[in-house]
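Biologist: I would like to learn how to read a model like this one. Please take me through it feature by feature.

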Amino acid sequence: MRTPKNFLAAIAIALAGSTPAQDPGEIHGRALEPDGKPAEFANISARQGDRLVGTQAGESGSFVLKPLVPGTWTIEISYVGMNTREIKGVQVQPGRITQLD
């Protein structure tokens, strides 16, 4: 028969292993050419240390990067005929959408 002390220790160990992870966040934005026109099908990437998430903008230049671990990310937007644009220090919050203008 287990003693209450052993039972409580078993529960504590089980709960410690089931700590919920933070919900991922997202970055939404629009890639534009220098003249303000949409950068159709531009390549978009988000980098955080060794993590890399990429996507491609649509015809309107709109893009969504997800799922992203909460923290600070660097975004790169590249497009044929356009210099690569880098946006550093983009903050992603758990379960939230970060909007890039």
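This is a predicted model: local features need pLDDT of at least 70, side-chain atom pairs count only at pLDDT 80 or more; totals for chains, interfaces and linings use all residues.

Modeller: Numbering runs from 1 along each chain as its sequence is written, and side-chain values use heavy atoms, without hydrogens and water.

Biologist: What is the strand order in the open sheet?

Modeller: Strands of a sheet pair through backbone hydrogen bonds, either parallel or antiparallel. Strands here are DSSP runs (E, at least two residues), numbered from the N terminus. Two of them pair if DSSP finds at least two bridges between them. This open sheet has four strands, ordered β3-β2-β5-β6, with antiparallel pairing. β3 (51-56) and β6 (82-92) are the edges; each has a single partner strand, so one side of each lacks a neighbour in the sheet.

Biologist: How many bridges join β5 to β6?

Modeller: Seven, with β5 (residues 71-79) antiparallel to β6. Ile75 has Ile87 in β6 as its bridge partner.

Biologist: Is Ser45 buried or exposed?

Modeller: Buried means under 20% relative accessible area, exposed over 50%, partly exposed in between (1.4 Å probe, protein chains only). Ser45, in strand β2 (residues 43-48), is buried at 18%. Beyond its neighbours within four places in sequence, Ser45 has contacts (heavy atoms within 4.5 Å) that include Leu52, Leu65 and Ile75.

Biologist: Which residues does a cis peptide bond join?

Modeller: Lys66 and Pro67, with omega about -15°. Pro67 is in strand β4 (residues 62-68).

Biologist: What is phi of Phe41 near?

Modeller: Near 60°, a positive value in a residue other than glycine. Phe41 sits in the loop between β1 (25-30) and β2, and is partly exposed at 42%.
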